[in-house]
Amino acid sequence: MRIDVVTIFPEYLEPLNVSLVGKARARGLLDVRVHDLRRWTYDRHHTVDDTPYGGGPGMVMKPEPWGEALDEILGTATSPAGTTPAAGTTPAPMLVVPTPGGRPFDQELAVELSGAPWLVFTPARYEGIDRRVIDEYADRLDVREVSIGDYVLAGGEAPVLVMVEAVARLLPGVLGNAESHQDDSFAAGPMSHLLEGPVYTKPPQWRDRGIPEVLLSGHHGRIARWRRDQALARTAANRPDLIARCDPSSLDAHDRAE
Ligand code: SAM
């Protein structure tokens, strides 16, 4: 998968060189390219913002640098509205626009993005990007406006780090054990919409705390049932909204399969 990020703070994306994403890059599973938006400015101060039409506080990111940056990065993958790029030459990019006004980012969207060959992220600052930029590319590309939660950050770089990590760990070959994300909270399957329950490791006794007896039983059916009960209890306590989306018949099927 190829990932491009256009930002006025390229250094903010340095964590993409470490840990899981960094290793995926080193192994050639991910091609990440971070671009400084100011490269596409031509005045002495490398200006990327201006005052909002209609008045009000804050500044808005100017359309010209974004347009030039995206045209250059997307290259032949996109053509002006009404024309069609040469078929089969370049994978179709998806433009991901972080904004508190976007669709909430969730595991389902992470799975969908992980199937795309090429993601281009446009993390903004100030009051966001001039709307015409999003409208311009929505005429040519699959554009997703995405929020990582109901709060407002100073910029879209942290949301990009969140989304890239969530997507990268779903790519084939990135996690050592592919099954480890299949049991995660929110993962599709009979336990979908449930949060994962508590986990334990050695030693069997730590301070005055042991581990649940069932986990030592070696009985796979009982262990699976216990995990499911724990997942239900945690979900009911922390995310009652998810319980309503949980399909009881799929839970029964999960029990029968054990
Ligand atoms: N005035 C905007 C609003 O109320 O929707 C907020 C702008 S915010 C200060 C600047 C940028 O940070 C946004 O354009 C977006 O790129 C990013 N951002 C802030 N919060 C975000 C969130 N919850 N999810 C995704 N991106 C966010």
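Strands S1 and S2 (residues 31–36) pair in the parallel sense over six bridges. Strands are DSSP runs of E with at least two residues, helices are runs of H or I with at least four, and both are numbered from the N terminus. Two strands count as paired if DSSP finds at least two bridges between them.

This is a predicted model: local features need pLDDT of at least 70, side-chain atom pairs count only at pLDDT 80 or more, and totals for chains, interfaces and linings use all residues. Residues are numbered from 1 along each chain as its sequence is written.

S1 also runs parallel to strand S6. The table lists both partners of S1.

| Partner of S1 | Bridges | A bridge pair |
|---|---|---|
| S2 (residues 31–36) | six bridges | Asp4 with Arg33 |
| S6 (residues 118–121) | four bridges | Arg2 with Trp118 |

S1 (residues 2–7) is mostly covered, with five of its six residues buried. Buried means 20 or more other C-beta atoms within 10 Å of a residue's own; exposed means 12 or fewer; partly exposed lies in between; C-beta atoms are placed from the backbone.

Now for helix H7 (residues 220–238). Its 19 residues should span 27 Å at 1.5 Å a residue, and the end C-alpha atoms are 27 Å apart, which agrees. The expected span is 1.5 Å times one less than the number of residues. Arg227, Ala231 and Thr235 of H7 are buried. Down the axis of H7, the buried residues fall within an arc of 65°, so they line one face of the helix. That arc is taken from the directions from the helix axis to the C-beta atoms. On the other side of H7, Gly221, Asp229 and Ala237 are exposed.
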